[in-house]
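Please find below some notes on the side-chain contacts of this model. They are arranged as numbered points.

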Amino acid sequence: MLPPTRIPPPDLSDPAVRRALREDFAQVEAWVFDLDNTLYPYTPGLWTEAEANMTAWIGDLLGLDLEEARKLQHAYLEEYGLTARGLAIHHGVDPVAFMAETHDHVPIETVAPDPALAKALAALPGRLFVHTNAHPTHAERLLKRVGIDGLFAQVFTVADLDHEPKPNRRAFELAAERGGYDPRRAAMFEDAARNLIIPHEMGMRTVYVPSPSPWAQKGADGPQIAHVAPDLTRFLQALTSQAD
């Protein structure tokens, strides 16, 4: 079940709505996309296994039972935006090693290639970026699996941004600096509602791509959401359509 939002999804069958969208995004030169649950749909099996890996890893490290380890994992995710960051701050864990061991070998066969999305992305004017809290190997695997790995000017993983995760302001500032784009001429696409707060403050056009993840839905009725895109491919197609 998708969460309520401050504004409803647009009626993309309406030519006037499509024209208004194109007008709002006309000055966008940089298109910035979250990866997981944004550039491919929420995949429960993948995340069930990744979460189980993290819980077991934390339990082994700290001598906790699985329930205690799960609670700590979720607490760090909530406080820091990334479990690995909480482990690094409080327990001296190497975040790269943690992400590699818990995410890099998760089966991704349930994620389907998406040629329609690839075509819609390729039609966008300007440069495209990925900004993800994921580890580089995980990002590389998923982008290849979806069939969109060659479309981005840069892929910013948390390791590329000094391990500053979203929703921290510094993560977005570093991405803009290293990508060489002006946030006021950029758009951010995200499934985690709270990760759109800082982009909105920085002047980016914000697009919420809702997923069934309860954690990602928190704050989905907030003012940081300017647009809602339940179907990312159709939304992008509307931005480049010449039919209206």
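1. The model is predicted: local features need pLDDT of at least 70, side-chain atom pairs count only at pLDDT 80 or more, and totals for chains, interfaces and linings use all residues. Residues are numbered from 1 along each chain as its sequence is written, and side-chain values use heavy atoms, with hydrogens and water left out.

2. There are 10 aromatic pairs in the structure (rings of Phe, Tyr and Trp, the last by its six-membered ring, with centres within 6.5 Å; planes under 30 degrees apart count as stacked, over 60 as edge-to-face and the rest as tilted). Phe129 and Phe156 are a stacked pair, because their ring planes stand at 5° with the centres 6.1 Å apart. The pair joins distant parts of the chain, with Phe129 in strand β2 (residues 127–131) and Phe156 in strand β3 (residues 154–156), 27 residues apart. Helices (H or I, at least four residues) and strands (E, at least two) are DSSP runs, numbered from the N terminus. Both Phe129 and Phe156 are buried (under 20% relative accessible area; exposed is over 50% and partly exposed in between, with a 1.4 Å probe and protein chains only).

3. One aromatic cluster is formed by Phe25, Trp31, Phe33, Phe152, Phe189 and Phe235.

4. In helix α5 (residues 95–103), the buried residues are Pro95, Phe98, Met99, Thr102 and His103. Viewed down the axis of α5, they fall within an arc of 95° and so line one face of the helix; the arc is that of the directions from the helix axis to the C-beta atoms. These buried residues of α5 pack against α2 (44–62), α4 (83–91) and α7 (136–146), contact meaning heavy atoms within 4.5 Å.

5. The whole structure contains 13 salt bridges (a side-chain nitrogen of Lys or Arg within 4 Å of a carboxyl oxygen of Asp or Glu). One of them joins Glu78 to Lys218, with the closest N and O atoms 3.2 Å apart. Glu78 lies in helix α3 (residues 66–80) and Lys218 in the loop between α10 (214–217) and β6 (227–228), 140 residues apart. Glu78 is partly exposed at 33% relative accessibility, and Lys218 is partly exposed at 47%.

6. Glu201 and Arg169 form a salt bridge at 2.5 Å, N to O. This pair links helix α9 (residues 197–201), which holds Glu201, with helix α8 (residues 169–179), which holds Arg169. Glu201 counts as partly exposed at 49% relative accessibility, as does Arg169 at 35%.

7. Asp34, Lys166 and Glu190 are connected in a network of salt bridges.
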